[in-house]
Amino acid sequence: MLDAVFEDAVEQGLVGDKEQASVDSTGMEAGHRSAHYAHRIGQKRYRLRRWPKLTLAFHNATHLLIHALVSDGPSQDAPLLRPVLRGACRRVSIDQLLADAGYDAEHNHVDARALGIRSTIINLNKRGGRRWAKTKYRRQMYRRFPKLKYRQRAQAESSISRFKRRLTSSLRGQSRRTQRIEVHLRVLTHDLLLLAA
């Protein structure tokens with residue numbers, strides 16, 4: 001169904017070739033009550049041990065959500081980039097990818113280029129103070145990090161904020177299967193709202 005949304009976006013001229021995309025992740029609430037409610041009634045330590053983690057690929061120009069992956073949090077971001085990019089590249093021709101230091105790994109640069117992405121701008125994770133990046137693409141990020149282009153990654157933060165404000169951060173589903181279905185329906189709703197506007 002999301003494929004049809006992007007076909008419509010291409011017809012409207014909103015999405016073309018060689019697009020810029022960003023990847024980021026966020027946590028969702030899966031309890032019967034929100035963390036805000038728990039805090040208001042005095043339960044300051046109300047937190048689930050495992051919560052649904054949502055990793056999203058965004059089209060920077062339109063804030064459309066290209067692909068969503070639901071996993072268990074807390075977890076590392078870097079291993080989740082490959083499956084998200086595979087799904088995103090089926091829908092949009094991505095030329096440049098932006099991501100924060102959570103996705104900093106040489107294999108992520110390599111995987112992105114294998115999928116046809118020309119340029120990856122992934123902020124370096126300092127990793128305990130090591131100064132010199134030892135691998136090819138991470139060394140490029142160390143030598144000449146394009147700060148002006150990287151500022152566009154803020155589009156991902158803006159999209160996550162809009163997604164949670166419009167469609168809430170709390171999931172009703174109790175199993176991961178129903179939560180995945182619910183998240184994908186919300187992603188579809190978010191994109192349809194943007195296209196309608």
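This note goes through a predicted model point by point, from confidence to sheet, helix packing and local details.

1. **Confidence.** The model is predicted. The protein chain has a mean pLDDT of 88, and 89% of its residues reach 70 or more. Strand β4 (residues 94–99) has the highest mean, 97. Helix α2 (residues 35–40) has the lowest, 66.

2. **The sheet.** Five strands form an open sheet with mixed pairing. Their order is β3-β2-β1-β4-β5. The edges are β3 (65–73) and β5 (119–122). Each has a single partner strand, so one side of each lacks a neighbour in the sheet. On average, neighbouring strands are turned by 20 degrees against each other, direction ignored.

3. **The β1–β4 pairing.** Strand β1 (residues 19–27) runs parallel to β4. Five bridges join the two strands.

4. **α7 against α8.** Helix α8 (residues 176–196) also packs with helix α7 (residues 154–167). The angle is about 105 degrees, and the axes are 11 Å apart. The two helices are therefore roughly perpendicular. From α7, the contact uses S159, R162, F163, R166 and L167. From α8, it uses R186, V187, T189, H190, L193 and L194. By class, these residues are five nonpolar, three polar and three charged.

5. **α4 against α5.** Helix α4 (residues 106–114) packs on helix α5 (residues 136–143), again at about 105 degrees. Here the axes are 7 Å apart. This pair, too, is roughly perpendicular. E106, H109, V110 and R113 contribute from α4. K136, Y137, R138 and M141 contribute from α5. The contact has four charged residues, three nonpolar and one polar.

6. **Salt bridges.** How many salt bridges does a search of the whole structure find? There are 10. One of the pairs is D24 with R153, whose side chains meet at 3.3 Å, N to O. D24 sits in strand β1, while R153 is in the loop between α6 (147–150) and α7. The pair therefore ties together parts that are 129 residues apart in sequence.

7. **Around Q20.** Q20 is another β1 residue worth a look. Which residues does Q20 touch, leaving aside those up to four places away in sequence? They are F58, H59, N60, Q96, L98, K149 and Q152. Q20 and V92 are 72 residues apart along the chain, yet their C-alpha atoms are separated by 9.6 Å.

8. **Backbone details.** Two loop positions deserve a check. The peptide bond from G73 to P74 is cis, with omega near 0 degrees. P74 belongs to the loop between β3 and α3 (81–91). The other position is H63, in the loop between β2 and β3. H63 is not a glycine, but its phi is positive, at about 70 degrees.

Conventions:
Residues are numbered from 1 along each chain as its sequence is written. This is a predicted model: local features need pLDDT of at least 70, side-chain atom pairs count only at pLDDT 80 or more; totals for chains, interfaces and linings use all residues. Side-chain values use heavy atoms; hydrogens and water are left out. Axes are lines fitted to C-alpha atoms, for helices over the stretch in contact, and angles run from 0 to 180 degrees between N-to-C directions. Helices (H or I, at least four residues) and strands (E, at least two) are DSSP runs, numbered from the N terminus. Angles under 35 degrees count as roughly parallel, over 145 as roughly antiparallel, 65 to 115 as roughly perpendicular and the rest as oblique. Contact means heavy atoms within 4.5 Å. Ala, Val, Leu, Ile, Met, Phe, Trp, Tyr, Cys and Pro count as nonpolar, Asp, Glu, Lys and Arg as charged, and the others, Gly among them, as polar. pLDDT is the predictor's confidence in each residue, from 0 to 100. Two strands pair if DSSP finds at least two bridges between them. A salt bridge is a side-chain nitrogen of Lys or Arg within 4 Å of a carboxyl oxygen of Asp or Glu.
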